[in-house]
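Colleague: I've got a model open and would like to learn how to read its features. Could you walk me through it, beginning with the ligand?

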Amino acid sequence: MTARLAGAADRPEIAALRTRVFVEEQGVPAEIEQDAHDAGAVHVLDRDDDGRLVATGRLLVRDGRGVIGRMAVDASARGAGHGAAVLAELHRQAVLLGLTEVELHAQLTARGFYERAGYAAVGDVYQEAGIAHVTMRRALPGEV
Ligand SMILES: CC(C)(COP(=O)(O)OP(=O)(O)OC[C@H]1O[C@@H](n2cnc3c(N)ncnc32)[C@H](O)[C@@H]1OP(=O)(O)O)[C@@H](O)C(=O)NCCC(=O)NCCS
């Protein structure tokens with residue numbers, strides 16, 4: 001896996017992948033999926049052997065803490081390490097920004113994925129965009 005920072009030219013492909021995963025597959029309204037945070041976020045991507053963009057995620061800095069979100073892997077490419085590669089690159093980017101902790105709102109179905117990457121759940125389960133979520137955190141650098 002060679003997850004890397006996205007450039008401006010990658011952004012339409014990232015938007016298309018997120019639309020496929022969140023809007024079409026999960027039923028999240030498009031106006032919620034695309035928000036104002038995208039402009040200031042660090043975006044990461046991964047491609048398959050054919051060069052197809054199959055995974056993405058973003059990092060924001062809020063109140064001095066890293067916030068990871070919009071983790072999406074194309075349905076046809078799941079379970080092949082692309083999500084873990086994107087997450088590891090987001091951690092690396094967070095460390096480069098001097099952050100010592102990252103947080104995310106995990107869909108409950110993805111909780112085990114984040115636990116494998118060193119996250120622990122904090123607080124209660126809540127609904128976001130009609131989907132059950134739990135807040136999770138991990139310290140950095142750890143094993144980035
Ligand atoms: C959740 C998601 C990002 C995981 O990406 P992925 O590329 O399929 O995951 P990987 O192949 O990198 O898996 C890394 C590890 O996590 C495990 N894992 C993957 N998805 C998991 C899940 N939903 N629950 C528990 N473990 C999971 C894998 O088995 C693997 O374990 P291993 O290291 O022991 O082999 C992807 O399934 C996805 O995009 N789902 C739909 C959108 C979504 O739910 N996004 C998350 C929003 S919070």
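Modeller: Happy to, and keep in mind that this is a predicted model.

Colleague: Which backbone atoms come 2.8 Å from an oxygen atom of the ligand?

Modeller: A polar backbone atom of valine 73 is 2.8 Å from a ligand oxygen, and a polar backbone atom of alanine 84 is 2.8 Å from a ligand oxygen too.

Colleague: And how many residues surround the ligand?

Modeller: There are 21, the closest being Val73, Gly81, Gly83, Ala84 and Thr109.

Colleague: On to helices. What span should helix 1 have?

Modeller: Count 1.5 Å a residue: the 15 residues of helix 1, 11-25, should then span 21 Å, and the 20 Å between its end C-alpha atoms agrees with that. Still, look along the axis as well, where you'll find a bend of about 30 degrees at threonine 19.

Colleague: Which residues of helix 1 are buried, and what covers them?

Modeller: The buried ones are Ile14, Leu17, Arg18, Val21 and Phe22. Their cover includes helix 2 (30-33), along with strand 2 (42-47), strand 3 (53-62), strand 4 (65-73) and strand 5 (101-107).

Colleague: How does helix 3 do on the span check?

Modeller: Helix 3 also has 15 residues, and from first C-alpha to last it reaches 21 Å, close to the expected 21 Å. Its buried residues are His82, Gly83, Ala85, Val86, Leu87, Glu89, Leu90, His91, Gln93 and Ala94.

Colleague: What should I look for just past the end of a helix?

Modeller: Check phi there. Just after helix 3, glycine 98 takes a positive phi of about 85 degrees.

Colleague: Which residues have a positive phi without being glycine?

Modeller: The general idea is that most residues other than glycine have a negative phi, and most peptide bonds are trans. Arginine 70 goes against that with a positive phi of about 55 degrees, and you'll find it in strand 4. Alanine 129 is another, at about 50 degrees, in the loop between strand 6 (120-128) and strand 7.

Colleague: Are those two buried or partly exposed?

Modeller: Buried means under 20% relative accessible area. Arginine 70 has 22%, so it is partly exposed. Alanine 129, at 38%, counts as partly exposed as well.

Colleague: Where is the cis peptide bond?

Modeller: Look at omega: it is about 0 degrees between leucine 140 and proline 141, which a cis peptide bond joins. Proline 141 belongs to the segment after strand 7 (131-139).

Definitions and conventions
Residues numbered from 1 in each chain as written. Predicted model: local features only at pLDDT ≥ 70, side-chain atom pairs only at ≥ 80, totals over all residues. Heavy atoms only, no water. Helix = DSSP H or I, 4+ residues; strand = E, 2+ residues; numbered from the N terminus. Expected span 1.5 Å × (residues − 1). Bend = angle between axes of the 7 residues up to and from the residue. Buried < 20%, exposed > 50% of the residue type's maximum accessible area, 1.4 Å probe, protein only. Contact = heavy atoms within 4.5 Å. Near = heavy atom within 4 Å. Polar contact = N/O pair within 3.5 Å; in protein donor to acceptor, adjacent residues only side chain to side chain.
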